[in-house]
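Here is a short report on one protein chain. A single residue comes up before the overall picture.

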Amino acid sequence: MDLASENHLDIPNSISSAFANADSAGPDKYRVSLAALGLSDPVLKVVAQTIVNFPIISELDLSDCFIEDSGCVIICEALEKVPNLEVLNLKGNSLTIQGLRFVSKVVTSVSLNKLGLAWNNISTNTDVFHHFCGQVAISNIQELDLQHTYLNADHCGLIKDMLLVDTCPLVHLDLRWNSFGLNGVTRLIEGIEGNHRIVSIELMGNSLSNDVLNRVRKLIERNQTLKKDKDEETKQVMYLEHLLEEKKKEMKIMKDNYEHQLAESEKLRLSFNLKNAELEEEMNKLKGQSSNFNSLQEKYENDLNGTRNNIKGLNDALFEKDEYIKELENKYSIAEKTNHELCNENDELDVKNGELEGKVMLLSDELDTIKGRELEMKSSLQSNFDQELMLLRKNYESTDSLRKEAENSLSQATKKVLALESYHKMNLQEQEARLKRQELANITELETTIQDQRKIIARLEQNVEIMKQDHDVYKQRKTDDMEDLRTRNSKLESEKMSLQNQLDIESSSRKQIESQMNSLRRINDDLEKSNEQQRISTEKMLNEMNGEREGYTLKFSELNSSITRLSQQKQELISQLQKVELNFGTKLSELQEKMNISISTQILALRDSLKTQ
């Protein structure tokens with residue numbers, strides 16, 4: 001990137017080319033080299049302005065540029081605004097202790113890790129140099145170049161104090177071509193003994209003996225060994241931390257899998273509980289329907305027993321009617337015998353007919369009145385007979401309609417039984433109630449028919465009583481009127497025929513009632529069969545639901561066992577994780593103790609060796 005051309009800065013060609021040829025030292029970092037260009041203060045102001053406008057410079061080389069303290073002030077003020085500056089090389093300039101004051105400010109204001117001050121006279125004031133060493137001790141500088149900076153033994157004491165600071169970050173220190181002497185190096189060795197970070201120190205050109213250099217070399221080798229061990233331990237710790245992270249990830253994955261399985265099992269358990277609740281509700285409904293069905297069946301059986309009792313009562317009434325008809329037949333036979341006796345008496349009275357001829361005329365008027373009365377009675381009897389015949393026909397038609405209604409009710413009951421089987425027998429109560437109402441209606445109609453027939457029989461009995469009275473009247477007057485006897489004989493024959501017809505009608509109605517009762521019995525048998533089939537299907541359904549419930553109960557027990565197994569596995573994994581963490585903690589503490597012990601032993605050994613030397 002051409003940094004100078006982008007900002008239109010008026011600087012010399014050599015400097016602009018230096019900025020234009022700046023190398024990239026990473027993302028948003030540039031390496032600028034102005035070495036050996038001979039920068040005056042005005043030029044340094046332009047360079048400082050360029051640096052401030054582009055605070056992305058990470059390395060700046062100003063070696064051998066003849067920069068004096070005034071120029072150092074300009075550059076250092078600009079560098080304080082470059083927080084990412086990492087490398088600064090001021091080697092071979094004309095800096096003194098005044099310039100070092102401003103360099104000390106830059107040391108802590110930016111992120112320097114390498115500083116070069118070689119070939120500058122910065123030794124004239126120990127206080128300023130002491131301040132500089134203090135700033136370096138709290139900075140990030142790891143490489144410091146102080147070769148040929150006119151340092152002496154007093155400066156070695158300040159460097160020793162800097163090295164003994166716990167936060168001193170120095171790793172490489174170049175002190176070549178100074179005037180330390182044996183006294184100064186002895187102080188420097190004390191600082192190196194108390195510092196375990198520095199792994200490279202250059203002391204050539206300080207008029208030191210080989211023994212002193214060997215001691216320094218051994219201390220440096222010690223630090224190198226410690227650094228190597230520390231690096232190994234750091235690698236091991238990092239490796240153990242990596243293993244711990246991997247274990248934590250694996251445990252997290254296992255925990256997530258376990259929680260997922262637990263959630264899945266919880267979903268299965270909830271679905272099973274929901275299905276079980278639905279089955280329980282369905283079973284409760286079926287139990288309620290079964291109880292309703294049983295209660296309806298009991299009611300139906302009670303109604304059926306009542307119907308049977310009513311039919312039994314009808315049979316008893318029919319038996320009584322048969323007895324009454326037999327009694328009427330006996331009365332008819334007695335009437336025939338009486339007629340036969342009357343015929344015999346008629347033969348006897350034929351002789352006296354002549355005697356009675358005279359009286360016939362007298363009785364003709366009376367006979368006319370009797371005939372009128374007789375005609376009225378005959379018409380009344382004929383009308384009564386016709387009415388009774390119509391009633392019997394209506395009864396026959398009603399019994400036929402009842403039979404058809406019973407057949408229709410049977411077909412409807414069969415259809416409704418099938419509907420009950422398909423829709424869980426929900427409408428059984430309504431069907432049975434309607435069948436019960438129909439049966440009750442049939443029974444009431446039969447009872448009304450029997451009552452009407454009983455009324456007819458009572459009227460017939462009244463008629464028979466009236467006939468007996470009339471027959472007594474006629475018998476009393478038979479001696480007076482033969483014609484009246486003949487008419488009465490014909491009347492008795494007509495009544496005989498009417499009674500015979502009535503007996504035939506009664507027998508036919510009896511047969512119809514018996515057929516109706518047989519149809520009712522068949523309906524009852526069919527209903528009992530359908531109820532038995534319905535009960536068997538309901539029991540079968542209940543058994544199937546009980547089997548499904550047992551299967552779901554078995555699945556629920558298996559889910560519970562799997563949940564317990566998963567919880568046990570979770571506890572085992574947690575215990576294993578705790579053991580791993582405990583083992584890692586113990587191993588880490590043991591490793592740290594071993595490191596501390598080894599370091600302390602090595603330090604003690606080195607101190608003993610130094611004391612012996």
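T149 touches L117, A118, W119, N120, N121, I122, S123 and N178, leaving aside residues up to four places away in sequence; contact means heavy atoms within 4.5 Å. T149 sits in the loop between β6 (143–145) and α7 (153–164). T149 counts as buried because its relative accessibility is 0%. Buried means under 20% relative accessible area, exposed over 50%, and partly exposed in between, with a 1.4 Å probe and protein chains only.

This is a predicted model, in which local features need pLDDT of at least 70 and side-chain atom pairs count only at pLDDT 80 or more, while totals for chains, interfaces and linings use all residues. Residues are numbered from 1 along each chain as its sequence is written, and side-chain values use heavy atoms, with hydrogens and water left out.

The protein chain has twelve helices and eight strands. These are DSSP runs numbered from the N terminus: helices are H or I with at least four residues, strands E with at least two.

| Property of the protein chain | Value |
|---|---|
| Residues counted as buried | 36% of 613 residues |
| Accessible surface (Shrake-Rupley, 1.4 Å probe) | about 35,600 Å² |
| Share of that surface on carbon and sulfur atoms | 52% |

β2 runs parallel to strand β3 (residues 57–61), joined by four bridges. Strands pair if DSSP finds at least two bridges between them. Y30 has I57 as its bridge partner in β3.
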